[in-house]
Amino acid sequence: VFPNKLEMFVEIAPQAASNVYVCSAYLKFWYVFMSQVTISQQSLFQKHSPDAIILFTMIAKVIISYFDVSNDLDVQDDTYQEKLKPLKYVMLLMSESLSTDYIMYGAFELYEDTTLINLINKFIETIQNYEIDLIFNYPKVAIAFMKLVNAFCKNHRNLIVVCSPPFFDYL
């Protein structure tokens, strides 16, 4: 299954992101999958496993595809269903994947791979389009946001400061 079969799910990310209702289900699938990987990570990945880096890269592609497509979509009927619900799953997926200890995030810097930096920059670019009050008006979205902020603070403080000092002003 891994990584060949999962690559097919990654390839459909742009199409899934273009339909807001499919997008929520698609992102939820990735979040639940990543949650299960994290729960059983000791039997799946050794600490700092190359497979874990491959998985993180796949997840980053999915999330970046979502950001690329969703930033161009306008709200038709319901802000929560069309924008905030998919964003909630993205933030949960990011928090799950950025808070793990079996992924060696330093490898991205070591090999000059910009995947992690691109992911964080796309998130910051997207989240700054939303008023912080709008995020906190929806408890599930607020919880997902705070989980992601916690993941940033746990493992990626320096990277956030380097990527976007104005992000702290936003917070």
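Student: Why is Glu112 called exposed?
Tutor: In this predicted model, Glu112 has 72% relative accessibility, and the word exposed is used for over 50% relative accessible area, whereas buried means under 20% and partly exposed lies in between (1.4 Å probe, protein chains only). Glu112 therefore counts as exposed.

Student: What makes the backbone of Glu112 worth a look, and where is Glu112 found?
Tutor: Phi of Glu112 is near 55 degrees, which is a positive value in a residue other than glycine, and Glu112 is found in the loop between α7 and α8. Most residues other than glycine have a negative phi. Helices here are DSSP runs of H or I with at least four residues, while strands are runs of E with at least two, and both are numbered from the N terminus.

Student: What makes a space a cavity, and which residues line the largest cavity?
Tutor: On a 1 Å grid over the protein atoms alone, a cavity is a set of points where a 1.4 Å probe fits but cannot get out, whereas a pocket is an open set with protein on both sides within 12 Å along at least five of seven lines; lining residues have an atom within 4 Å of a point. The structure holds one cavity of 30 Å³ or more, and the largest cavity, with a volume of about 30 Å³, is lined by Ala17, Val20, Cys23, Tyr66, Ser70, Leu73, Glu82 and Lys83. At least two lining residues come from each of α3 (20-39), α5 (50-70) and α6 (79-98).

Student: What is the volume of the largest pocket, and which helix gives the most to its lining?
Tutor: The volume of the largest pocket is about 310 Å³; among its 14 lining residues, Tyr105, Glu109, Leu116, His156 and Leu159 are the closest to its centre. With four residues, α11 gives the most to this lining.

How values were computed. Residues are numbered from 1 along each chain as its sequence is written. This is a predicted model: local features need pLDDT of at least 70, side-chain atom pairs count only at pLDDT 80 or more; totals for chains, interfaces and linings use all residues. Side-chain values use heavy atoms; hydrogens and water are left out. Grid points are joined across faces, edges and corners, and a volume is the space filled by probe spheres set on the points.
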